Every structure is written in C-alpha cells, then in structure tokens.
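Colleague: Could you take me through this one? I shall ask as we go.

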Amino acid sequence: MRRDTYGDDPIYIVVLTLSLMILAYLASLNTGTQTQSWGWMMLGSVALPSASVACMRLVRRALPKLEFNDLSQASPAMARTLANGTPFALSLCLLAWPATLLPGSTGPLAGIFEWVPLWLGVVLLTALGNVAWWMGMNGAGVMDWATGNALDVTQAIPGVMLSDLDRTFNYIGGSGATLALLVCLVWYQRRKPGPRVWRWALPLHLFNINEVLTFALPVVGNWVFFLPFVLCPTLNALVTYLVVVEWQWIRATGSWDVAWVIPHFLKPLFMSAPSDRVWALQVFLFGLSVLIYRPIVKRWVQQEQLGEAAWDLANRMNLGPGLELFSEARFVKRQEAQHDWSRQAQAALKLLREGQLSMHYQPKLDVHSGRVLGFEALLRLQDSAGRAIAPQRFLPSLERVGFGDLLDLWVVRRVVEDMERWHAQGVNVPVAMNLTAATLCNAESFARLMSTLAKLPPGQLQVELLESSLIDEPEQVRARLIDLRAAGVRVFVDDFGTGYSNLALFHSAEIDVVKVDRSLLEAAVEPRGELLYREICSTLHRLGYEVVAEGVETAAERDFVAHCGVTAIQGWWVGKPVPPEQVPDMMSQLAQRFGPT
C-alpha cells in the first residue's frame, strides 16, 4: 500500500502543532511583555497548525513513494505509523527553528502611526483586529503584538488613548459590535421554532463578553457574517475619530479609561466627559450597526428555517414568504426521517452482533452450451436461532450510515479465501461480488480491495454495481473502474430495470456486462412487456454489452431469453445459492445436468 493512501493523519498534525507551540513558549519566557506574549500566542494558534499541515503535505510529496502492501495486511496500525512518522519527524525539524523565532519577532505594524495618517491607521487596525476575531483569535492581543501596543500608547486627544475610544464607542457589545447582531437575532427569531443561541448569550453580552454568540451561532469562520462583523466596528472607528478627534464634539475633562466589562451604555457614568454627548454618539453608532446587521440576519434566519436549497428554490419560484409558513413541518419531517434511519441502522447493527454473516454462491450458465460461466457471491445473515435474514433488512440501512465499504472488504476477503480453497480442489471459476460506491470513493478501502485482488489470477474476480453507484461522484467512480479493468476485473451493472435504466451512465462509465432484472422478465408475460424485454436486450447488444438474464426460474423463461439473444442466465432454474463448501458438488451436478449428452 502506498504511503499517501493514508492521507493526513490528524493525530500527527495535532502533535506537531503542540510540539511547536511548546518550543515557541519556552523561547518566549524571557522575551517581550506579557501582552505581546499573549498576542503571538493567539497568532500562533492559527499560524502553527496551518504551517504544520502545509509542511507535512510538502514533505509527503517530496519524499519517494514507499510501499507497505505486506505490512498493511499484517498490521495496518504499524503501516500507518511508518507512512506518517517520517513526514512528521522531518516537518518538526524544519519548523522548530522558525517557531522559536516567533515570540521574539517584532510586529510588522510597529510604528504604523509614523508612516500613515492617524485616522487611516485607526481604520486599518480596527478592520484587521476584527478579521482576527472572526478567525477565532483574540484580535486585541494579535494587534497588540503586531503594533507594539500602539493603541495603548497613542493619544487620540489629550488624556485619552485610542484604546479608550475602542472600549467606549467602537466595540459595542464586544468584537464585531455584536450587540447589534444580538438585538437583530432577538427580533427575527422571537417567533421562530428551534434553538435560540441569543438566550444563552444575552446575560454575558451585557458585559461585552460575546464568545458564546460568536462561537455558538457561529460568527467565527462564517462567511455570512464576515462583512458586517468587520464593517460595523470599522465604521464606528471612523465616525468616532471624526466626532471626537477632528470635530472635538466631545471634550475630555479627565480620564476615559473605563473597564471593558462595564455594560456599554453605563460607561458614560464613569467617564470625565459630557454624558449626554457620549450617550448620543453611542446610540448613533449602535443604530448604524443595527442597520448593517439587519438585512444579513433577516436572510440568515430565513435560510436556517428553510434550508439553503429550499430557500434558493423558493426565491426562484417567487414562493419565499409562502414556503416559509411550512418550514416547521418540513423540519419535523426531516428529523423524523433521520430518526428513522438511525433506528433502522441500530436494528441492523444489532442483527449483525447477534447473528452470523456468511457467503452463498449462485451459478451463472451459458444458455446454449450449458457451461458454468461463474458464480455470484451473495452476502447472507443468520440470526442466533439459525434463521436466514433477508439482506433487505440490514444492508440498505448499514450502507446509508457508512458501513458499505466495511462490508465490501469483508466480503472480498471471504470470497478470495473460498476461491483459494476451491482451487485446491481443482475448481477454477470466476466469481462476481457486489461493490458499493463507498468502496470506490474511499481511497483506503479501494487500495485494500486492489491489494486483495492481487492474490488472484486476472479475470477470476468480477464486480457488480447498482446504477446508483455510477451516479455518486461519477468521475471518481469511472477512474476506479478503469483501474479495476486494467487489473483484469470485469464490471457488471446489476438489477438493470429497477433503478434509473439510464444508458448514458453506461456510456460514460467502464461497463462490460449488464444484468437485466427479473421484474422485466415477469412483465414479459404481457405483449408490451415482451416487446420491451426484446428491445432492451437488442439495444444492449448493439451497444456492445454482454447481457445476463436474472431470475430465470422456468425452462420457458430460459427459452424466451435465449430467443431475445441473451447468452447467459442466472436464477433458481439454474441453481439456488449454496454455501461455499457445496460449490464443487454443484459444479459436478450442473455439468451432468447441462453437459453434452
């Protein structure tokens, strides 16, 4: 198995990041002030994980490809460790020295007010700080590190620092001026069903602690709120600068240094300034922020109620307001469907725990010569009492919740073991097994499949797919089928006629054989059904596909499909599915029954 089959292991990324953070912290003990150390730690919490991921990927690409086929079969954990351990060790060596330089580095914006006008520097730092907050970092700490605490040491007006303006006017409710966001949420969600984050956020938000709202809504990393989250405090900073610094509409008679946790509209009571004018500016800035957040929040609440796809459809059909009335009913139906899927999956898993999986094999016959063309491998389950459980009771539920590739890998391993035992008894016959799209689309599962196939001679193992498997990620599935055919594996489409019956799918995929479902054969007792069956077989032959008739249960059905040009049949008339130990005997019985007389 190739090393890159495993991809990026998150455990190694986390360990690499923590190692770099520890190295950087040890290097910072005698470097810079406490505020600057806090700033680079915030920045490093994003920069170091990003650097770790990028470096490991670059190292992985640069290293020669290593093969762990044999080891992955004996110990997958050891193969994974070797595949990721080398890139991890090299990445740690490459990043260790730069990480130790980070704490002692000088912020790139130190001295910003010496080379840009004061108003422009205030606007830029406010915008950048809120971008950092939106990314999940402490924007104030990052800006303190980046600027060398410029906001704390630069006066806006005599006796008033730029940081005092931030706490009093610019950040109404914390980063992003999110008190306006909270008010808009309260207004638009007051009569809506579902969870209301603002109820939990409101008590802390009154004291300018907005992390509950920004992380739970979420605002952090959410592009819907990026623009208002950055724009509101930035506009507030610009307006405040004009009113306080340029126009000097509010004069300072003493200190404006007020603790940031004091509720926003109570701060004028603790400031040496005209309270009425401070309140007036605060209310104006708050109203401006509400106007910016309002349309964004309104649309977001509507999308959350309907779902983005439904809302897009409603807008295109001009049905938005009407469709919204039924959103709660649709929400309930979706929850009921998910609950039903979960219940079915739990029931299926219980059947697997209490029962026993096994393989059965059903023969396929050449309709003219009577020669056995191969067998289809069928997964079976018996409960604790020995009763057979229909595959429909457990397979669809397990595939829906992501167990399809695990079942496929178990089946292919058992099939290979059975075929090796038959070979020892002198029985060499191809076997077709069913695959799901999950196995084809999962790189590690497909690699294990190919590794298992390598144990058999080319052509001995065949795969069968449902049409639905060709629809999920068609380009990736097609690439996997090309790899299978290159390895000598023939590809069948199973149960044609029960799904989409879309010949365009076959044209774009790599298909050899089409198996026509029994439902079409049952319908052939009527004239229109008979004509349909003949036309389907004729069309598939003209397109170059081999055709297998499924579900042949009588001699009359055998004769009919033969007249339709079908050369291979499968069904109870040929033989019922049998356990693997009975396959050699079945081969002898079929040879006596259909062989030359």
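Colleague: Which helices each supply at least two residues of the lining of the largest cavity?

Modeller: They are α9 (162-170) and α13 (223-246), helices being DSSP runs of H or I with at least four residues, numbered from the N terminus. A cavity is a set of points on a 1 Å grid over the protein atoms alone where a 1.4 Å probe fits but cannot get out, and lining residues have an atom within 4 Å of a point. This is a predicted model, in which local features need pLDDT of at least 70, side-chain atom pairs count only at pLDDT 80 or more, and totals for linings use all residues.

Colleague: Which of them gives the most?

Modeller: α9 does, with four residues.

Colleague: What is the volume of the largest cavity?

Modeller: About 50 Å³, counted as the space filled by probe spheres set on the points. The whole structure has two cavities of 30 Å³ or more.

Colleague: Changing topic, is F207 buried, partly exposed or exposed?

Modeller: F207 is partly exposed, because its relative accessibility is 41%; buried means under 20%, exposed over 50%, with a 1.4 Å probe and protein chains only. F207 lies in the loop between α11 (197-205) and α12 (211-216). Residues are numbered from 1 along each chain as its sequence is written, and side-chain values use heavy atoms, without hydrogens or water.

Colleague: And what follows α19?

Modeller: G426, with a positive phi near 85°. Among the buried residues of α19 are L407, V411, V415 and W422.

Conventions. 1 Å grid on protein atoms, 1.4 Å probe; cavity = no way out; pocket = protein on both sides within 12 Å on 5 of 7 lines; lining within 4 Å.
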